[in-house]
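Before turning to the questions, please keep the model in view and follow each answer against it. The discussion moves from whole chains to single residues.

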Amino acid sequence: MRGNPNSHQLIAPGSLSAVLELLAAEPGEWTPIVGGTELMVAHAAGRLASRKLVSLWGIPDLRFITVNPDTVVLGAATTFRDLRHHTAIDTHLPLLAKAAGWVGSIANQSRATLGGNLVNGSPAADSTPTLLVYDAQIEIISVRGTRLVPYAEFHTGYKRNVLAPDELLYAVHLPLRFARHRQYLRKVGTRRAMAISKVALAATAVVEDRTIGEIRLAAASLAAFPTRLYQAESALAGQRVGPLSIQSARTALLAEARPIDDIRSTAEYRMRVAANLLEEFLKELQRAETAA
Amino acid sequence: MSVASHTTRFTVNGRDVAVETAPMKRLLDVLREDLHLTGTKEGCGEGECGSCSVRMNGELVNSCLVPVLQAEGASIQTVEGLAIDGKLHPLQRAFLECGGAQCGMCTPGMLMAAIQLLTIHPHPTMAEIREGLAGNLCRCTGFTRIFESVVAAASGHPHLDEQTGHAR
């Protein structure tokens with residue numbers, strides 16, 4: 001059944017401080033909405049539970065890209081179009097630029113925001129594996145102040161996160177220390193454009209003397225929320241890249257992955273493809289080392 | 001519960017409008033029902049098909065996903081804003097000449113997405129055309145003639161203004 005616009009209040013206080021005061025005055029009552037690429041879909045289908053929505057669209061304090069010497073800070077209302085068209089993102093955080101280009105269509109990218117992608121918390125969210133392997137920190141704001149949380153600890157369950165009812169995701173901090181890392185990102189969906197992931201894998205790793213040093217692996221759709229693959233990382237750290245370590249990493253990934261069956265794919269398919277993507281990344285590392 | 005109406009002011013194709021309606025009403029419905037601009041079509045109603053594409057402040061958006069309150073102060077361009085004094089926009093002529101339109105359901109959105117593309121890439125590659133129109137589904141043409149229409153328009157009219165979408 002179609003949603004009724006008369007059943008939902010929507011206000012636009014126009015400033016970050018006014019929004020925070022509203023959230024503090026009536027904690028848990030108001031649902032923030034930015035580009036509407038998720039909530040307006042729910043609204044159209046008549047399954048938008050929130051009766052009171054507060055618009056963050058057009059608040060400049062939430063839409064910014066700040067490039068510091070050792071970090072990039074992205075405001076929560078930064079759109080994927082903003083990310084795709086910023087040279088610093090392309091240069092320093094290439095996986096994020098790539099992931100931003102995966103989000104829906106041009107019309108979706110001009111409205112969908114990084115903060116919305118994270119707070120919505122879909123296990124398949126396109127930006128998420130990248131943020132995990134770039135070791136992102138989430139800055140959370142309320143009238144009580146701000147706090148930083150590692151992105152790897154932001155999600156606590158399916159569509160659940162650490163935000164208190166009066167808090168807002170304010171910004172994403174990305175350290176600029178991955179220039180010498182090998183980087184990998186691949187998404188598997190039903191078609192190249194517009195498809196939501198069946199599974200996606202991101203990786204950053206340092207290889208010296210044919211031995212893997214620091215390594216981060218993360219996946220979309222391998223659990224109830226986007227996750228680091230800590231066991232597969234442990235299986236690889238300190239190892240030489242080769243058939244043995246590839247096999248043990250595959251085994252570790254299959255042991256820790258907890259994908260679901262849903263309309264887009266099956267758990268078994270997601271496991272097998274994720275393991276294959278990991279193997280593809282490791283073979284890229286191996287080839288690069290052989291060539292070096 | 002029924003929410004109070006709210007007056008939202010914006011421009012459509014350069015004309016000032018004020019609409020009194022529920023703030024959560026979709027821009028698509030405001031265009032069609034309140035402003036009687038029925039060129040913008042509804043396909044899926046969930047941001048997948050692109051039929052309802054319009055330009056908002058020079059960016060392509062799905063009007064089915066924009067609550068009208070967020071259009072406050074915005075400059076909206078719809079397919080009705082392409083032809084001037086009955087004279088078709090060069091892109092519309094190209095669609096006619098190349099067979100880029102068949103049933104017409106996707107055409108307004110396809111035109112707006114193509115305008116957006118041409119403001120950014122005046123001479124787009126085929127890859128850029130495919131990406132620029134990837135969010136607009138057509139069940140008739142098989143897309144080839146649409147792509148050819150965009151190529152034809154681009155070759156004839158190199159520069160479109162970023163805000164207005166019209167030839168400079």
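Two residues are in contact, or touch, if their C-beta atoms, placed from the backbone, lie within 7 Å. The model is predicted, and local features therefore need pLDDT of at least 70 and side-chain atom pairs count only at pLDDT 80 or more, while totals for chains, interfaces and linings use all residues. Residues are numbered from 1 along each chain as its sequence is written, and chains are lettered from A and ligands numbered from 1 in the order in which they are written.

Q: In what order do the elements of chain B run from the N terminus on?
A: Helices (H or I, at least four residues) and strands (E, at least two) are DSSP runs, numbered from the N terminus. Chain B has five helices and five strands. From the N terminus on, their order is β-β-α-β-β-β-α-α-α-α.

Q: What is the radius of gyration of chain B?
A: The radius of gyration is taken over C-alpha atoms, and the globule rule is 2.2 Å times the number of residues to the power 0.38. For 168 residues this rule gives 15 Å, and the value for chain B is close to that, so chain B is as compact as a globular protein of that length. Along the principal axes its C-alpha atoms fill a box of roughly 50 × 35 × 25 Å, and the radius of gyration of chain B is 16 Å.

Q: What share of the 292 residues of chain A count as buried?
A: A residue is buried if 20 or more other C-beta atoms lie within 10 Å of its own, exposed if 12 or fewer, and partly exposed in between, with C-beta atoms placed from the backbone. Chain A has eleven helices and 14 strands, and its radius of gyration of 20 Å agrees with the value near 19 Å that a compact globule of 292 residues would have. In chain B, buried residues make up 49% of the 168 residues, and in chain A the share is 51%.

Q: Which strand gives the largest share of the side of domain 1 of chain B that touches domain 2 of chain B?
A: The domain bounds, which come from an automatic or database domain assignment, are 6-81 for domain 1 and 90-156 for domain 2 of chain B. The C-alpha centres of the two domains lie 21 Å apart, and 13 residues of domain 1 are in contact with twelve residues of domain 2. The largest share of the domain 1 side, three residues, comes from strand 3 (residues 53-56) of chain B.

Q: Which strand gives the largest share of the side of chain B that touches chain A?
A: This contact takes 29 residues from chain B and 26 residues from chain A. On the chain B side, the elements that give two or more residues are helix 3 (107-120) and strand 4 (59-62). The largest share, four residues, comes from strand 4 of chain B.

Q: Which residues does B:Ala114 touch, not counting residues up to four places away in sequence?
A: A nonpolar core is a set of buried Ala, Val, Leu, Ile, Met, Phe, Trp, Tyr and Cys residues joined through C-beta atoms within 7 Å. The largest such core has 141 residues, and B:Ala114 is listed with A:Ala202, A:Ala274 and A:Leu278 as having the most contacts inside it. With residues up to four places away left out, B:Ala114 touches B:Leu91, B:Leu133 and B:Val150.

Q: Which strand do the buried residues of helix 1 of chain B pack against?
A: Helix 1 covers residues 27-34 of chain B, and its buried residues are B:Leu27, B:Leu28, B:Val30 and B:Leu31. The helix is followed by B:His36, whose phi is positive, near 55°. The buried residues of helix 1 pack against strand 2 (15-21) of chain B.

Q: In strand 10 of chain A, what is the bridge partner of A:Glu139?
A: Strand 10 (residues 168-175) of chain A is mostly covered, with six of its eight residues buried. Five bridges join strand 5 (residues 71-75) to strand 10 in an antiparallel arrangement, with A:Leu74 and A:Val172 as bridge partners. Five bridges also join strand 6 (residues 137-142) to strand 10, again antiparallel. The bridge partner of A:Glu139 in strand 10 is A:Ala171.

Q: Is B:Asp85 buried or exposed?
A: B:Asp85 sits in the loop between strand 5 (75-77) and helix 2 (90-98) of chain B, and its phi is positive, near 50°, in a residue other than glycine. Most residues other than glycine have a negative phi. With 4 other C-beta atoms within 10 Å, B:Asp85 is exposed.

How values were computed. Pairing = 2+ DSSP bridges.
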